[in-house]
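Subject: Structure handover

Hello,

Here is the structure for you to look over. My notes follow below it.

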Amino acid sequence: MLAPQAAPVVEALTPHDLVAYFHCPHEMELTRASHLLRVGGPLGPVRTPTNVVPLHHSPLFSPPLGNLVVNEGRLDVSEKDLLVYEDEGEDDLPVLFPPDRVRPDIRFAGNRSTLGDPELGLRGRPDLIIQRADASLVPVEYKSTHLFVGYHEAHGRLFDTIQVIAECRLVEAAFGRKVPYGIVLYGDESGGGIHEGWVRIPYGEAERSWLRVALRQVRDDHERAPVPAERNCGGCEPNSRGLCQFAATRYEGPHHRLAMYSTLRG
Ligand code: SF4
């Protein structure tokens, strides 16, 4: 009699993994491998072969963008909206609600704040989750470093769309509630709100399908090839640590990518 076969282990991925893969698959691989370095440990295994042929573009195709709703100014929350989740690991999140409308879901408080989706093998923590008046849930991703001004020119913000689609799925799976859309909120610490804005990203069938195919594509990619280009490498965190042998330029800082994409479009 044959022994029962163990179910194959699905590689756990995060919304950040998808964003890194969309820049450069090798960046995703190095970022994951370098987690232990931050606490003085060794670099983890990297699957990219040393003789890999670099790519000109990431193999991941773009998510649907046709139904984004772009809004200038402050994010409006109604008196019936509640804040039900906040990533406690982030200390620069905006205060959108008065204390009496902050009602954290205790299932995801403290050290249980990482949301998990066993079906798709996703894990992660949105910045905020708002419960709307109709009881639907909406994840909010806050970008304090990306001003809203120039939004339409900076197609680098595709990356923010990818992150929010994955967070919509995470929230839906973890809370077991409908998530109709997610929000990217662009902050403005220095301009008194004049450069603020937010983008509503629908979470419908097209986005769900894109996410499933994207996760499969990342997991099926056994090379995680580099995409060396100034627009990528100048803002690549593993490059700042000198970990990439394929880098096209030196590390310039976290704002480099948005500036590069704006320049390329402008
Ligand atoms: S330095 Fe460039 S090629 Fe290397 S991992 Fe980063 S983005 Fe990819």
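Buried residues make up 38% of the 266 residues in the protein. A residue is buried if 20 or more other C-beta atoms lie within 10 Å of its own, exposed if 12 or fewer, and partly exposed in between, with C-beta atoms placed from the backbone. The model is a predicted one: local features need pLDDT of at least 70, side-chain atom pairs count only at pLDDT 80 or more, and totals for chains, interfaces and linings use all residues. Residues are numbered from 1 along each chain as its sequence is written.

Overall make-up

The protein has seven helices and eight strands. These are DSSP runs, numbered from the N terminus: helices are H or I with at least four residues, strands are E with at least two. Of the contacts with a separation of 6 or more, 65% are between residues 24 or more positions apart. Two residues are in contact if their C-beta atoms, placed from the backbone, lie within 7 Å.

Six strands form an open, mixed sheet in the order 1-8-7-6-5-2. Strands pair if DSSP finds at least two bridges between them. Strand 1 (69-72) and strand 2 (82-86) are the edges, and each pairs on one side only. On average, neighbouring strands of this sheet are turned by 25° against each other, direction ignored.

Strand 6 (137-143) is worth a look. Six of its seven residues are buried, so strand 6 is largely enclosed by the rest of the structure. Strand 5 pairs with strand 6 in the antiparallel sense over four bridges. Leu-128 stands opposite Val-140 of strand 6. Strand 6 and strand 7 run parallel and are joined by four bridges. Here Lys-143 stands opposite Tyr-186 in strand 7.

Strand 7 (residues 181-186) also pairs with strand 8 (residues 197-202), antiparallel, over six bridges. Gly-182 has Ile-201 of strand 8 as its bridge partner.

Helix 3 (residues 158-175) lies across strands 5, 6, 7 and 8. Helix 3 runs at about 145° to strand 6. Axes are lines fitted to C-alpha atoms, for helices over the stretch in contact, and angles run from 0 to 180 degrees between N-to-C directions.

Helix 1 and helix 2

The axes of helix 1 (residues 15-23) and helix 2 come within 5 Å and cross at roughly 140°. That makes helix 1 oblique to helix 2. (Angles under 35 degrees count as roughly parallel, over 145 as roughly antiparallel, 65 to 115 as roughly perpendicular and the rest as oblique.) Helix 1 brings Asp-17, Ala-20, Tyr-21 and His-23 to the contact, and helix 2 brings Pro-25, Glu-27, Met-28, Thr-31 and Arg-32.

Helix 2 is mostly covered, with eight of its nine residues buried. Among them are His-26, Glu-29 and Leu-30. The buried residues of helix 2 pack against helix 1 and helix 6.

The ligand

The ligand is surrounded by 17 residues, and the closest are Cys-24, Pro-226, Cys-233, Cys-236 and Cys-244. A residue is near a molecule or strand if its C-beta atom, placed from the backbone, lies within 6 Å of it. Helix 2 (25-33), helix 5 (230-233) and helix 6 (237-240) each give two or more residues to this shell. Helix 2 has the largest share, three residues.

Best wishes
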